[in-house]
Amino acid sequence: MCYDADSAPPAFTAAGSALAESADLTLVSGDGTEFAAFLARPVRPTGRGVLVLPDNRGLSDFYRATAVRLAEQGHPALAVDYYGRTAGAGPRERGPEFGELPHLLPHLLALTPDGLDADLTAGIGRLRATGVTEVVALGFCFGGRQAFRAAAPRFGLAGVIGYYGYPDAINGAPGPTQLAPGLTAPVLAFWGGADEHIPAETVAAFDAALTAAGCSHEFMTFPQAPHNFFELGAVEHTDAARESWLRLLAFAAAPGPSGAA
């Protein structure tokens, strides 16, 4: 698991825009499934939107707040939920036990690449309907893995950003490392050097696979940081969180690496 129910994203930059809208939505996927989302729109948009992809708990207040933080920087942002097919389109009604692994596991195991792709595509479409010219995906943990997958050309993204998204195969299912030959959008990835869930050699293999595929990418590893270091309560890792946030904003403004790959 990545973020607890009471976790919150840190704030490092002053708001540059007031909000025109922040609201829970229900979207319809390509297969007719209704699923939850949260949209935050700025009064003064930059023209680039951000699709926010949560960890495996799905849409929570952490990601609503993250969408608001992005909108305050001028980026219309839409956070999506993954569990419309098995848990309905009302994540606020599920109760705190939904985020605990014994309850969540059947829903998590029911996710499919086709279903996830359909939901992401619907979210991207809703963001484009706000008038943005380009969309970047931003994901955390499970969502980071999905963001890396979304670098495939079928999504039409300008770039993807992943915080500690596991890139290797899981139970035989190919991950971003195996899918790298088909990834084309620029990738920005943040890693914790003290992350017990993602070994350095796993990160290195993903780096090598993207390099071999000719996919533009930048990896930033913070040596002392653990998994989920981007969190308000992780005060001992504030420097890593701040540096990653500033690089994230630069990438969202002009997707592509800053020089390191």
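Visitor: Which residues of α8 get called buried, and what makes a residue buried?

Guide: Buried means under 20% relative accessible area, exposed over 50%, and partly exposed in between (1.4 Å probe, protein chains only). In α8, Ala 240, Ala 241, Ser 244, Trp 245, Arg 247, Leu 248, Leu 249, Phe 251 and Ala 252 land in the buried class. Bear in mind that this is a predicted model: local features need pLDDT of at least 70, side-chain atom pairs count only at pLDDT 80 or more, while totals for chains, interfaces and linings use all residues. Numbering starts from 1 along each chain as its sequence is written, and side-chain values use heavy atoms, leaving out hydrogens and water.

Visitor: What do those buried residues pack against?

Guide: Taking contact as heavy atoms within 4.5 Å, they pack against α1, β3, β5, β6, β7 and β8. Those labels are DSSP runs numbered from the N terminus: helices are H or I with at least four residues, strands E with at least two.

Visitor: Why are β1 and β8 called edge strands?

Guide: Two strands pair if DSSP finds at least two bridges between them. The open sheet has eight strands in the order β1-β2-β4-β3-β5-β6-β7-β8, with mixed pairing. β1 and β8 each have a single partner strand, so one side of each is left without a neighbour in the sheet.

Visitor: What makes β5 and β6 a pair?

Guide: Five bridges join them, and they run parallel. Phe 140 stands opposite Tyr 163 in β6.

Visitor: Why is Cys 141 called buried?

Guide: Its relative accessibility is 16%, so Cys 141 counts as buried. This residue sits in the loop between β5 and α5, and its phi is positive, about 55°, although it is not a glycine. Most residues other than glycine have a negative phi.

Visitor: Why does Asn 228 count as partly exposed rather than buried?

Guide: Asn 228 is at 25% relative accessibility, so it counts as partly exposed. Its place is the loop between β8 and α8, and its phi is also positive, near 55°.
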